[in-house]
Amino acid sequence: GKEIILGSIGSFNGVFKGHDQAVRACKDLNNSGYRVKLWIIGAGNKEPLRRLLKSSGMEDKVKLFDPVRPGKEIEEWLSNIDIYCQFSRREGISRALIEAMNLAIPSVASNAGGTYELVDNCSLFEIDDVKTAIGIIQKLINDRDFYLDRCNYSYHSTIQFEKELLTRQRREFWADFANIK
């Protein structure tokens with residue numbers, strides 16, 4: 001019976017972040033009896049997405065946020081969501097996804113770009129495959145053990161991106177490079 005907050009971070013310019021698909025997933029979940037809201041934070045032109053929300057009757061279920069500063073402000077925003085969702089059609093190694101996972105937030109993401117390097121296969125879906133994404137979200141909502149396992153996976157998989165480790169790896173690389181004869 002708890003209301004579930006899905007969260008996503010990404011530019012509102014263009015369609016490459018897949019916000020339209022996130023809205024569709026939110027709508028389908030609500031139509032299936034789940035109490036779900038979607039929060040999206042990002043820069044850019046929100047008007048096309050606002051038109052989509054109005055035409056789909058989702059204005060009361062989706063909240064669009066202006067960007068906040070990295071670090072404490074984004075961590076505070078992320079700490080209020082239950083599941084991080086990334087419906088990207090194009091992506092590199094997503095800093096937003098890493099930030100969410102670092103806070104032990106379970107993540108559901110398309111397999112665009114480098115996302116597969118961050119998210120385990122059981123939380124990945126093909127680009128624009130909203131049906132599979134919804135299935136993963138439903139499993140996170142309904143299966144507490146799966147939810148907790150994904151929280152644990154999220155947190156522990158981001159250790160490789162901690163500053164101290166990256167700095168040490170960078171130094172080792174350059175030391176090895178300098179020793180090449």
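In this predicted model, helix α5 meets helix α6 through I136, K139, L140 and N142 on the α5 side and R144, F146, Y147 and R150 on the α6 side; contact here means heavy atoms within 4.5 Å. Helices are DSSP runs of H or I with at least four residues, strands are E runs of at least two, and both are numbered from the N terminus. By class, the α5–α6 contact has 4 nonpolar, 1 polar and 3 charged residues. For that count, Ala, Val, Leu, Ile, Met, Phe, Trp, Tyr, Cys and Pro are nonpolar, Asp, Glu, Lys and Arg are charged, and the others, Gly among them, are polar.

How do the axes of α5 and α6 cross? They come within 5 Å and cross at roughly 105°, with each axis a line fitted to C-alpha atoms over the stretch in contact and angles running from 0 to 180 degrees between N-to-C directions. α5 and α6 are therefore roughly perpendicular (65 to 115 degrees; under 35 is roughly parallel, over 145 roughly antiparallel, the rest oblique).

Now for the inside. The largest nonpolar core has 29 residues, and L6, L38, V62, I83 and V108 have the most contacts inside it. A core like this is a set of buried Ala, Val, Leu, Ile, Met, Phe, Trp, Tyr and Cys residues joined through side-chain atoms within 4.5 Å, where buried means under 20% relative accessible area, exposed over 50% and partly exposed in between, using a 1.4 Å probe and protein chains only. α5 turns up again here, supplying the largest share, 6 residues. Leaving out residues up to four places away in sequence, V108 touches I83, F125, I136 and L140, among others. A second, separate core of 20 residues includes F65, L78, I98 and I105.

Beyond four places in sequence, its contacts include M101, A104 and I105.

A104 lies in the loop between α4 and β5 and is partly exposed at 26%. Most residues other than glycine have a negative phi, but A104 has a positive one of about 65°. D128 also has a positive phi, near 65°, and belongs to the loop between β6 and α5. D128 is partly exposed too, at 35%.

A note on the numbers: residues count from 1 along each chain as its sequence is written, and side-chain values use heavy atoms, without hydrogens or water. As the model is predicted, local features need pLDDT of at least 70 and side-chain atom pairs count only at pLDDT 80 or more, while totals for chains, interfaces and linings use all residues.
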